[in-house]
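Subject: Structure for you to look through

Hello,

Here is the structure I said I would pass on. Please open it beside this message and look up each residue as you read.

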Amino acid sequence: MTSERMYMKTMSRSTNSLYYSSIANLRSNTYSSSINSSCSSWNTQLRELAKQGQYQKALNLYPQLVSSGASPNAFTFPFALKSCAALCLPVPGQQLHAHVIRTGCHSEPFVQTALMSMYCKCSLVENARKLFDESPYARTLTVCYNALIAGYTHNFELCNAVLLFCKMRLLDVSVNSVTMLGLIPGCTVPLHLGFGMSLHCLNVKCGLDGDMSVGNCLLTMYVRCGSVCSGRKFFDDMHEKGLITWNAMISGYAQNGHASLVLDLYREMELKGMSPDPVTFVAVLSSCANLGASKIGTEVEQKIKRRGFGYNLFLQNALINMYARCGNLVRAHTIFNDMPEKNLVSWTAIIGGYGIHGHGENAVQLFDQMIDAGIQPDKTVFVSILSACSHAGLTDRGLKYFDSMEKKYGLQPGSEHYSCVVDLLGRAGRLKEALGLIESMPDKPDGAVWGALLGACKIHRDVELAELAFERVIELEPTNIGYYVLLSNLYSETKNMEGILKVRVMMRERKLRKDPGFSSVEYSGRTHLFMAGDRSHPQTEGIYAMLYRLEDLTKEANESEKNDEDGRNSELGNNTRVHSERLAIAFALMNTALGSQILVTKNLRVCGDCHVFIKLVSKIVDRQFVIRDATRFHHFQNGVCSCNDYW
């Protein structure tokens, strides 16, 4: 069946009365020039509506055009088809295709392109390819190749896009920047980076390297593939940089975990006179959250308000997350309460914020309020609430939520949910139940699930079960150093020197080295980073003098209050007295005003010795310390930690 007959058959079966009745109004004879003139005014309206993104209004206007007696032409269909594509409406798009055939516009290149783009954006790529293959004109026109290549890429069919591109080159059809903009976005995963780099070379060869849109696309490709250094070199070599260019590099740094580089580039961007937009601010706020840079985050919030972006939902959600992760739950909740509109991301951010601070009851209350507000939960918010229950010891409540996922909300729990519940049960000492849950999983447990059980065994010093969990987890993640450290610390606490030696031999044979512990504290608009045993800071002498003084003051109290707290994920090979968080606290005490809160961000879990040390220091100096470690917040004040030693 030819494409013409196929689409006419589709039209005959259509039930859409608005467009179906329009076919009957089409006349085969040529309309008068006065009617063609009136069609021009309709086309102008269609173009403006499509240009402004008012696609539904554009589609509503089309039947009125036909009913008026005006005949649609080659200038009409691209805008109507663009509206169908934007709204992903394949049936009206097929009806318009029939109109195209009836009016004789099917040979017009831009109409063909619009039809192929519409089918591709409606996930009907086969229809677009059939149209391309049956057209005697499409196979020689760059614009038609571009439409189908972009369609294949949009539908994650990179192989077909590449084959069509090769055919295009073989037939000597010219390649332009639009071709590249359709093909390069398919190379944003590491597996396809090699082909993307060859496209980069071809761009240079074809003289397209000066096109800023193509440059932005290539830059995005590099950073999304994790090739940040190549991306930065490409960024630095670009002769012209627009806001999209800066955002691509800043977002690339943020997505790859280079938070400090995000802030450095953001400052450079402002010095160049480039005005940030909401995309920039989201990446910067995310980096402030990762670094605990609350002062910079507060400055960004003020800029957001001055720029008129205060009610941008994405930015409000980013601000909630930033303040919660920088230890300022009060400000985070204020922003949440003041939001005129809250979506699921907003609720997830505030629930997760309370969870990592150990305020499980507040998180539970907020989750229930979200359900009462008619917000349908998703898998992400369940991770937040299960984690909150785990940190606060709300075991039964967490199990109830886990049970409700599938039974009440039709959500199949994933490995991330199972790992939360294993942690929940494990912290409560219900290790056999945790193991039973793992064995009942419908899918094979991943490293995070077995790692949660290993961590629970570490807490309760169950060596036998820990060894089982360790065997399973290193089969899945043999290079994850944290699991070796957990087992080694457990052996250390149980005085098992043979076990410690065994773990160290395994690490040596596999050439694994423990990530160094580091902590950061914000002061005077800068983030000051400290490594364990660090002596590189300009104030090193004063920092160590302050630290030794604090140790002298806490020595007597430490001896009387010392207990058997464990050294979770402690920084092996370093004396605990110079752990990074202690150096950060000493520096902050030297440089901050009396009575002010001190926030320290740490990449590993705080160890037991340092936990005791900070509790005693908070009582002696009458200051509040907020330590954000790898899993949660610890609020130390007057000799007590908010975690109640349950972490």
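Below are the findings, grouped by region.

Please keep in mind that this is a predicted model.

**Nonpolar cores**

The largest nonpolar core has 168 residues. Those that touch the most other members are Phe-165, Met-180, Ile-351, Leu-453 and Phe-470. Which residues does Phe-165 contact, leaving aside its neighbours within four places in sequence? They are Ile-149, Val-175, Thr-179, Met-180, Leu-183, Leu-199 and Leu-202. Another core, of 25 residues, lies apart from the largest one, and its members include Phe-530, Tyr-544, Val-578 and Leu-583. As background, nonpolar side chains tend to be buried together in soluble globular proteins.

**Helix H9**

Helix H9 covers residues 142-154. From its first C-alpha to its last, H9 reaches 18 Å, close to the 18 Å expected for 13 residues at 1.5 Å a residue. Of those 13 residues, 10 are buried, so H9 is largely enclosed by the rest of the structure. Among the buried ones are Tyr-145, Leu-148, Ile-149 and Tyr-152. Ile-149 was also listed above as a contact of Phe-165. What do the buried residues of H9 pack against? Their partners are helix H7 (109-121), helix H8 (125-134), helix H10 (158-170) and helix H11 (177-183). Just after H9 comes Phe-156, with a positive phi of about 60 degrees.

**Helix H21**

Helix H21 takes in residues 344-356. Its 13 residues should span 18 Å at 1.5 Å a residue, and its end C-alpha atoms are 18 Å apart, which agrees. Why can H21 be called largely enclosed by the rest of the structure? The reason is that 11 of its 13 residues are buried. These include Trp-347, Ile-350, Ile-351 and Tyr-354, and Ile-351 is one of the residues that touch the most other members of the largest core. The buried residues of H21 pack against helix H19 (313-325), helix H20 (329-338), helix H22 (360-372) and helix H23 (379-392).

Both ends of H21 have a detail to look up. At the start, a side-chain oxygen of Asn-343 comes within 3.2 Å of the backbone nitrogen of Val-345. After H21 comes Gly-358, whose phi is positive, near 85 degrees.

In the model, the span 242-276 is 74% helix and 0% strand, with its end C-alpha atoms 11 Å apart. The span 343-377 is also 74% helix and 0% strand. Its end C-alpha atoms lie 10 Å apart.

**Aromatic pairs**

There are 14 aromatic pairs. One of them joins Phe-367 and Tyr-401, edge-to-face, at 4.8 Å centre to centre with 65 degrees between the planes. Phe-367 lies in helix H22 and Tyr-401 in helix H24 (residues 395-409), so this pair ties together parts that are 34 residues apart in sequence. Phe-367 and Tyr-401 are both buried. Ring pairs also link Phe-367, Phe-382, Tyr-401 and Tyr-409 into a cluster.

A further pair, Phe-530 with Phe-587, is tilted: 5.5 Å centre to centre, 50 degrees between the planes. Phe-530 belongs to strand E2 (residues 526-531) and Phe-587 to helix H32 (residues 580-591), so the pair ties together parts 57 residues apart in sequence. Phe-530 is buried, with a relative accessible area of 2%. Phe-587 is buried as well, at 1%.

**Single residues to look up**

Is Arg-427 buried or exposed? Its relative accessible area is 6%, so Arg-427 counts as buried. Arg-427 sits in helix H25 (residues 415-427), and its side chain makes a polar contact with the side chain of Asp-423, at 2.7 Å.

Cys-88 is not a glycine, yet it has a positive phi of about 55 degrees. Cys-88 is in the loop between helix H5 (77-87) and helix H6 (90-103), and is partly exposed, at 40% relative accessible area. Lys-511 also has a positive phi of about 55 degrees without being a glycine. The loop that holds Lys-511 runs between helix H30 (497-509) and strand E1 (518-523). Lys-511 is exposed, with a relative accessible area of 76%.

Regards

Definitions and conventions: Residues are numbered from 1 along each chain as its sequence is written. This is a predicted model: local features need pLDDT of at least 70, side-chain atom pairs count only at pLDDT 80 or more; totals for chains, interfaces and linings use all residues. Side-chain values use heavy atoms; hydrogens and water are left out. A nonpolar core is a set of buried Ala, Val, Leu, Ile, Met, Phe, Trp, Tyr and Cys residues joined through side-chain atoms within 4.5 Å. Buried means under 20% relative accessible area, exposed over 50%, partly exposed in between (1.4 Å probe, protein chains only). Contact means heavy atoms within 4.5 Å. Helices (H or I, at least four residues) and strands (E, at least two) are DSSP runs, numbered from the N terminus. A polar contact is a pair of N or O atoms within 3.5 Å; within protein, one must be able to donate a hydrogen and the other to accept it, and residues adjacent in sequence count only if both atoms are side-chain atoms. The expected span of a helix is 1.5 Å times one less than its number of residues. Rings of Phe, Tyr and Trp (its six-membered ring) pair if their centres lie within 6.5 Å; planes under 30 degrees apart count as stacked, over 60 as edge-to-face and the rest as tilted.
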